Amino acid sequence: MTRAFLIVMDSVGIGGAPDAASFFNDGEPDTGANTVGHIATECAAGRAEAGRSGPLKVPHLDALGLGAAVTLASGLCPPGLGAPPRGLWGAASEVSKGKDTPSGHWELAGVPVPWDWHYFPEVENSFPPDLVDFVAAQAGTAGILGNCHAPGTAIIERLGEEHMRSGWPICYTSADSVFQIAAHEETFGLARLLQLCRDIAPRLHAMKVGRVIARPFVGRPGNFVRTPNRRDFAIEPPAPTLLDWAYDAGRTTHAIGKIGDIFSHRGISALHKGKNDADLMGHLLRLADEAGEGSLTFANFVEFDSLYGHRRDVSGYARALEWFDAQAGRFLARLRPGDLAIFTADHGNDPSWHGTDHTRERVPVLGHGVGLRSVGQVAYSDVGASVAAHLGLRASGPGHSFLQEQD
């Protein structure tokens, strides 16, 4: 038996999505967005020098085929990349109608989203009155704060003091299909916040809102800090995913980062959480040594997206890519003969782009363990089917293995 590692670099898109014109940031279409390509361009031009310098340096991912994948997806030859590929490489396109975390991950795991997500498009007074009343009743308060679109850090800076005084939860959303609640871990209570999110999640899920997210924070006015105790209450995937295929076949499945939350903790043997991507990388490196034969390790590294993409921080995103690449080199060196490792992404979040939302892009498919292999343009769902084929699992859904077809 062999092992498989599926590693999602959250938001590391490579441009070229054929339907980008149907997705928007600040009212402008995502046509032309290219997360990796534009970061490489900015680095080469000397416009991403905060905490780093010079061209983008990701030699391990580039050796697998990252630069070649950017060119395949978008036609752009990214400066500083483009080494001759030595691994499996290609570009994947999404068919689900959202550029969000659940859509991307579910489809990578073999299950495209069959419905339209529900969004809250109004920037102010975002939630309908009956939903506001329901949430307040579940919280045991006379109302809620927020009720708007907002970045998470900004809204706790603005409303944290009032929240501590009134006890009302801070409720907000974004361009994604989410309902988020921020609350102080000490004055409101972490257990109470998690229970509130758990209680309201079924109603939001029935509306096809993808996630209810608990966003706890600590501190005092002027010095509020979000804690690592975030919890996502996600709607369940509509069909068995790669995790279910493996788990139901008796395989051990390891979920690193927020994979457990994204898949509603279905099909998972062991959860590996951490306060940041460095902690999560520690889990991945350990599992490269310890995971048993026939196992599946599914990891998400979120800080590209959460710390740098949404904040449109090109230098920060470049630093994160360079750090991750160095760690990827350490990880690859620990793999055993017969292992398969695939690096991919769930959507884009071009830090050079207008707006603050995710960007609709193709994503890289970079593989180690099967030698040099160009798989061309594939579907997200082909990734899950290919991992299943490597593990000898029976897959369902629309995906086709790009491993079997070329063996």
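Helices (H or I, at least four residues) and strands (E, at least two) are DSSP runs, numbered here from the N terminus. The model is a predicted one, so to speak of local features takes a pLDDT of at least 70, side-chain atom pairs count only at pLDDT 80 or more, and totals for chains, interfaces and linings use all residues. Residue numbers start from 1 along each chain as its sequence is written, and side-chain values use heavy atoms, with hydrogens and water left out.

On to the annotated site. An unreviewed UniProt entry lists D10, D346 and H347 under "binding site"; UniProt positions follow the numbering used here, feature names are shortened, and annotations may be inferred rather than shown by experiment. These residues span 338 residues in sequence, yet no two of their C-alpha atoms are more than 7.1 Å apart, so they gather at one spot.

D346 sits in the loop between strand 14 (340-344) and strand 15 (363-368), while D10 is found in the loop between strand 1 (4-9) and strand 2 (24-25). Buried means under 20% relative accessible area, exposed over 50%, and partly exposed in between (1.4 Å probe, protein chains only). D10 comes out buried, with a relative accessible area of 0%, and D346 is likewise buried, at 0%.

Contacts (heavy atoms within 4.5 Å) tie the site together. Leaving aside neighbours within four places in sequence, D10 is in contact with residues including T101, H105, K258, D346 and H347. With residues up to four places away in sequence not counted, D346 touches, among others, D10, S11, E94, T101 and H105.

Then there are the aromatics. Rings of Phe, Tyr and Trp (its six-membered ring) pair if their centres lie within 6.5 Å; planes under 30 degrees apart count as stacked, over 60 as edge-to-face and the rest as tilted. The structure has 14 aromatic pairs. In one of them, F217 and F224, the ring centres are 5.2 Å apart and the planes lie at 80 degrees, so the pair is edge-to-face. Both F217 and F224 are buried. Another pair, F331 and F343, has centres 6.2 Å apart and planes at 85 degrees, so this one is edge-to-face too. This pair links distant parts of the chain, with F331 in helix 12 (residues 314-334) and F343 in strand 14, 12 residues apart.
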